[in-house]
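Visitor: Could you show me how to read a ligand site and a pair of aromatic rings in a model like this one?
Guide: Happy to; let us look together.

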Amino acid sequence: MGVMKVYGVARYMSVARVIVCLEEVGADYQVVPVDFAVGEHKTPAHLARNPLGLIPAFEDGDLVIFESRTISKYVLRKYKSSNTDDLLRENNLTESTMVEQWLGVEAHHYDPIVFPISYNAFVLPKIGGIGDQKLIDTNLEKLKTILEVYEAQLSKTKYLAGDFVSLADLSHFPATYYFMATPYANLFDNYPHVKAWWENLVTRPSLKKAAASMFPVA
Ligand code: GS8
């Protein structure tokens with residue numbers, strides 16, 4: 001069947017999300033470079049893998065999928081037996097629903113705010129672009145509201161979905177990792193439970209492994 005392939009570049013946020021999951025389960029995989037900075041994501045070959053013309057795309061034998069959170073779930077389900085932290089909690093209806101809920105919050109509320117900040121304030125300047133300061137400022141304002149929600153949740157439970165780590169937490173990693181390298185990182189200091197959650201999360205070996213292929217943040 002061959003080794004699973006991630007099409008993209010490991011230093012980009014949505015690709016890093018998938019790599020974290022592959023590292024969590026210790027899967028064999030190969031990253032096949034498709035760099036959007038040079039337009040490779042719009043070639044017919046890549047559009048056949050991801051019709052949105054975005055990275056990542058993923059291939060496991062005949063199965064070709066896109067959307068990083070979907071790919072992440074596929075990997076965790078496929079390697080359920082080596083997914084030692086049971087990051088989806090699919091044998092428990094309540095817990096798996098909480099995982100879905102917070103993954104939804106990440107995808108639909110947190111990411112649309114933090115991704116543009118991290119992209120404009122950190123990634124774009126690294127690839128020769130100029131960040132949009134107005135967009136950064138608008139999203140920084142919005143971020144305060146969502147961080148208050150996270151602070152309230154994380155004062156009740158150690159992780160977002162409960163007292164267990166899950167994909168909902170890990171999915172926050174790429175955008176937050178780059179956010180912490182922006183001049184706005186100290187915003188998190190106002191949310192002590194969120195800050196502690198983050199500092200605990202980044203000690204995970206899977207995140208360190210993914211980070212090693214990302215832009216250096218120091
Ligand atoms: C987002 C993919 C995405 O935006 C997912 O897979 O989770 N919801 C999708 N990918 C970016 C790179 S990630 O930093 C991308 O492909 N950008 C190129 C472009 O916008 O042209």
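The conversation below goes from the ligand site to the aromatic rings.

Guide: Please keep in mind that this is a predicted model.

Visitor: Which residues are around the ligand?
Guide: Begin by listing the neighbours. Around the ligand are Y12, M13, S14, F36, H41, L54, I55, P56, E67, S68, R69 and F115. This shell divides into seven nonpolar, three polar and two charged residues.

Visitor: Which pocket does the ligand take up, and which elements give two or more residues to the shell?
Guide: The ligand takes the space of the largest pocket. The elements giving two or more residues to its shell are α1 (13-25) and α3 (68-78).

Visitor: And how do I describe a ring pair?
Guide: Use the distance of the centres and the angle of the planes. The count here comes to 15 aromatic pairs. Among them, Y12 and F36 have ring centres 4.4 Å apart and planes at 45°, so this pair is tilted.

Visitor: Why does the pair of Y12 and F36 tie together parts that are apart in sequence?
Guide: Because Y12 lies in the loop between β1 (4-7) and α1, while F36 lies in the loop between β2 (29-32) and α2 (44-49), the pair ties together parts 24 residues apart in sequence.

Conventions: Residues numbered from 1 in each chain as written. Predicted model: local features only at pLDDT ≥ 70, side-chain atom pairs only at ≥ 80, totals over all residues. Heavy atoms only, no water. Near = heavy atom within 4 Å. 1 Å grid on protein atoms, 1.4 Å probe; cavity = no way out; pocket = protein on both sides within 12 Å on 5 of 7 lines; lining within 4 Å. Sits in = over half its atoms within 2 Å of the grid points. Helix = DSSP H or I, 4+ residues; strand = E, 2+ residues; numbered from the N terminus. Nonpolar A, V, L, I, M, F, W, Y, C, P; charged D, E, K, R; others polar. Phe/Tyr/Trp six-rings, centres within 6.5 Å; stacked < 30°, edge-to-face > 60°.
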